[in-house]
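Q: I'm new to this structure and would like a close look at a single part. Please start there, then walk me through what else is around.

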Amino acid sequence: MSEALLDVNALRADTPGCESVIHFNNSGCGLLARPVLKAMIDHLVLESRIGGYEAAAAQAERVSDFHASIAELIGCHARNIAFAGSATQAYTNALSAIPFQRGDVILTTRNDFISNQIAFLSLRKRFGVDVVHAPDHPDGSGVDVAAMVKLMRELRPRLVAVTHVPTNSGLVQPVEAIGRHVRELDLLYLVDACQSVGQYPIDVHQIGCDLLTATCRKFLRGPRGSGFLYVSDRVLNDGYEPLFIDMYGARWVAPGQYRPVNSAQRFEEWEFPYSVVLGCAAAARYALHVGLDSIAARTPVLGAYLRDQLASIPGVRTLDRGPTPAALVTFDVAGWGPQSFKRAMDERKVNSALSFRGLAQYDFGDKNVDWCLRLSPHYYNTEEEVDMVVGFVEDLAPSPVSD
Ligand SMILES: Cc1ncc(COP(=O)(O)O)c(C=O)c1O
């Protein structure tokens, strides 16, 4: 294990939640570190003392560090970052900027996130776009890049959309390999990095994406109700703007005319949840301080340690594919009902999440899975916690309880 790289005990001491639960639900929402909590509480206290607008003005520099710190995290400039209330909000706002026309193609994968898939279907319903799913590679390594490139050449999609790590398994999609072809063909490329930001180093230029979305609450360990959108200079210069741009994103320069601002701010709204924004900045700084290389060297490895042990338990079927999965460990247990199994984990103070077929129609259909439990450790979890959880599953598996 790579524990030597990180002072896990100190990181746990910095994470109040570690005292009360085994938190294996980081792909749902990571545990807040103390500096993140403090940044948020301090701001709420300041708002209560001097007023909300005045507190924002007093903290303007720290607020702007949201953009600077996220930019540092993904390798771009602060001007390319917009705050959003969730990853989905960032994603749909980005989609709204694309002037889709009947017959336009959205080329995506069979593992893209449920809400993205629903948004594509909604665009199909309203604008008549075609939604095309590139096939998976037969070796189970994720999307078949060669087949996807062939579709790019044949269909010239209006948008190529790929989720880096889906919510429903530990699969890591080859976003950089795809990005090289997208750039070569000069297409528009939107990447959902919701489960990878905070778990891996991310470099938007290496990926070659035009737009990238994420939440701050998962592996980045920021607060709920937050996310961000990266918008490349190319997209900004080409004049893309959200359909519903507000007084913060645009200047009303004449009664019948507005002009979008030059930066990704054009994708933001005037109203900000300032304590949340400050919490996100603190979380991004915290991740940068811990080190993304060190995190990536530990978190997925801890996930693999968990997955390998679960796989050897009779009745347990681990479901993650790909050569080096992320720290999202998914499995089902023969005979158990999903709610009963989750309840048994809750009773043992293990935080986990359930997934169902409706969350991943293609992936779970291919795997013939109706439900699975998802365990997602992070760098502050320990091998001892993994061993305990494996012990619980070992004890539970032979005595199934249906819902
Ligand atoms: C891959 C992926 N994309 C997008 C989202 C949506 O994030 P949010 O709930 O912040 O909208 C999730 C949430 O689980 C996710 O896992």
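A: Let's start with a hairpin: β9 is joined to β10 through two residues. Strands here are DSSP runs of E at least two residues long, helices are runs of H or I of at least four, and both are numbered from the N terminus. Keep in mind that this is a predicted model, where local features need pLDDT of at least 70, side-chain atom pairs count only at pLDDT 80 or more, and totals for chains, interfaces and linings use all residues. Residue numbers run from 1 along each chain as its sequence is written.

β9 covers residues 250–254 and β10 covers residues 257–260, and four bridges pair them in the antiparallel sense. One of those pairs is A254 with Q257 in β10. To count as paired, two strands need at least two bridges found by DSSP. In general, strands of a sheet pair through backbone hydrogen bonds, either parallel or antiparallel.

Now for an open sheet of seven strands. Reading across, the order is β2-β8-β7-β6-β5-β3-β4, and the pairing is mixed. β2 (81–84) and β4 (130–134) are the edge strands with a single partner each, so one side of each has no neighbour in the sheet. From one strand to the next, the twist averages 20°. Helix α7 (residues 145–155) packs on this sheet, touching β3, β4 and β5, and its direction makes about 150° with that of β4. For angles like these, axes are lines fitted to C-alpha atoms (for helices, over the stretch in contact), and the angle between N-to-C directions runs from 0 to 180 degrees.

Zooming in on some neighbours, β5 (residues 159–163) and β6 (residues 189–192) run parallel and share four bridges. T163 has D192 in β6 as its bridge partner. β3 and β4 also run parallel, with five bridges between them, and there I106 is partnered by V131 in β4. β3 is mostly covered, with four of its five residues buried. Buried means that 20 or more other C-beta atoms lie within 10 Å of a residue's own; with 12 or fewer it is exposed, in between it is partly exposed, and the C-beta atoms are placed from the backbone.

Helix α5 is mostly covered too: nine of its 10 residues are buried, including A87, Y91 and L95. Those buried residues pack against β2, α6 (114–127), β6, β7 (211–215) and β8 (227–231). Follow the chain on and you'll find I98 in the loop between α5 (87–96) and β3 (105–109). I98 counts as buried because it has 20 C-beta neighbours inside 10 Å. Beyond neighbours within four places in sequence, its contacts (C-beta atoms, placed from the backbone, within 7 Å) are R158, L159 and L188.

Around it sit 13 residues, with S86, A87, T88, T167 and C194 coming nearest; near means a C-beta atom, placed from the backbone, within 6 Å of the molecule. By class, this shell has four nonpolar, eight polar and one charged residues. Ala, Val, Leu, Ile, Met, Phe, Trp, Tyr, Cys and Pro count as nonpolar, Asp, Glu, Lys and Arg as charged, and the others, Gly among them, as polar.

Stepping back, the protein is divided into domain 1 (3–24 + 292–396) and domain 2 (35–289), with bounds from an automatic or database domain assignment. Their C-alpha centres lie 27 Å apart, and the contact takes 25 residues from domain 1 and 21 residues from domain 2. On the side of domain 1 that touches domain 2, α12 (292–311), β12 (329–333) and α14 (361–367) each supply at least two residues. α12 gives the most to that side, with six residues. By class, that side of domain 1 has 14 nonpolar, seven polar and four charged residues.

Last stop: an open sheet of four strands with antiparallel pairing, in the order β11-β12-β15-β14. Its edge strands, β11 (316–318) and β14 (353–356), have a single partner each, so one side of each is left without a neighbour in the sheet. Here the twist averages 35° from one strand to the next. β14 is joined by four bridges to β15 (residues 371–375), running antiparallel, and A353 stands opposite R374 in β15. Helix α13 (residues 338–347) lies across β12, β14 and β15, running at about 20° to β15.

Notes:
Two residues are in contact if their C-beta atoms, placed from the backbone, lie within 7 Å.
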